[in-house]
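Dear colleague,

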Amino acid sequence: MLRISAFSLLLLCVATTLLRAEPLSFDQYLCRVASPAGWQRAEVGSPPAGVSLLALQSPSGKSRLALVAIEVQRTLTLDDPAFVDGLRESIMGKLHGVSCTFGTLAGVKSLQCSGVSPDDQSVSMRMIAVVANGYGYVLTAVGPASEVTGPQATEFFNSFSFIGPPAEHQSTGKDANGKPITSNDPPLGSIFLRYFLPLLLVVGLGYAISAVSARNEKRRKQREGKNPS
């Protein structure tokens with residue numbers, strides 16, 4: 001009985017080690033994030049200049065998690081309505097049923113949004129963005145709703161942390177061109193074009209890959225249903 005108990009304890013320790021998330025540090029961008037157990041690095045090509053990208057693929061191959069860090073001027077904050085509109089529109093603008101709220105991530109104010117694919121309602125996307133240290137940090141999850149809202153995607157978001165105390169931005173009340181920021185400024189104006197067009201290209205690529213993967217899986221199941229073995 002003692003041997004069995006000891007062996008069971010050993011298996012439990014091994015299982016706990018395997019399930020523990022792998023920490024990934026990005027010293028240049030002063031942040032860390034953990035890769036959920038079983039998720040693998042995904043190739044999405046070369047990101048645009050000025051953009052750092054980490055992409056992970058789920059064990060099922062249907063979902064992607066990503067962390068993007070892009071340089072932004074230190075006068076841009078999530079308290080600036082035009083900046084928030086540009087960020088939300090650049091990443092979530094093509095999705096349906098988009099809802100956004102403010103919260104906190106790693107002790108810093110965050111913008112949290114979700115929506116679904118206009119072509120396939122089974123494909124969802126979550127996004128959390130924070131601004132600090134001269135960077136905009138954007139974490140996304142794209143794939144079936146069950147995985148995008150599941151514990152591993154949530155674990156990925158919650159694992160994000162800063163290396164050292166984050167330097168929060170201070171707004172001057174002006175946009176990138178020195179104009180006063182107002183809630184009536186166009187969301188796809190100079191802020192979006194200068195800072196978030198590269199981000200849109202990167203996130204959009206991951207979104208397209210995940211959508212295609214989900215669509216192919218759906219078609220495969222339909223074929224199997226028509227031709228049962």
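Strands, marked E, are DSSP runs of at least two residues, numbered from the N terminus. Please keep in mind that this is a predicted model. In this sense Ser124 belongs to strand E8, which covers residues 123-132. With a relative accessible area of 9%, Ser124 falls under the 20% limit and is therefore buried. Apart from neighbours within four places in sequence, Ser124 is in contact with several residues, among them Gly115, Val116, Ala141 and Val148.

As for the protein as a whole, it has five helices and 10 strands, and buried residues make up 42% of its 229 residues. Of the contacts with a separation of 6 or more, 55% are between residues 24 or more positions apart.

Side chains of opposite charge can pair when their charged atoms come close. The count of salt bridges here comes to two. One joins the side chains of Asp79 and Lys109, at 2.6 Å from N to O. Asp79 lies in the loop between strand E5 and helix H2, whereas Lys109 lies in strand E7, so this pair ties together parts that are 30 residues apart in sequence. Asp79 counts as exposed at 55% relative accessibility, while Lys109, at 31%, counts as partly exposed.

Another salt bridge links Asp85 with Arg88, with the closest N and O atoms 2.7 Å apart; both residues lie in helix H2, three residues apart, or about one turn of the helix. Asp85 is buried, at 17% relative accessible area, and Arg88 is partly exposed, at 28%.

How values were computed. Residues numbered from 1 in each chain as written. Predicted model: local features only at pLDDT ≥ 70, side-chain atom pairs only at ≥ 80, totals over all residues. Heavy atoms only, no water. Helix = DSSP H or I, 4+ residues; strand = E, 2+ residues; numbered from the N terminus. Buried < 20%, exposed > 50% of the residue type's maximum accessible area, 1.4 Å probe, protein only. Contact = heavy atoms within 4.5 Å. Salt bridge = Lys/Arg side-chain N within 4 Å of Asp/Glu carboxyl O.
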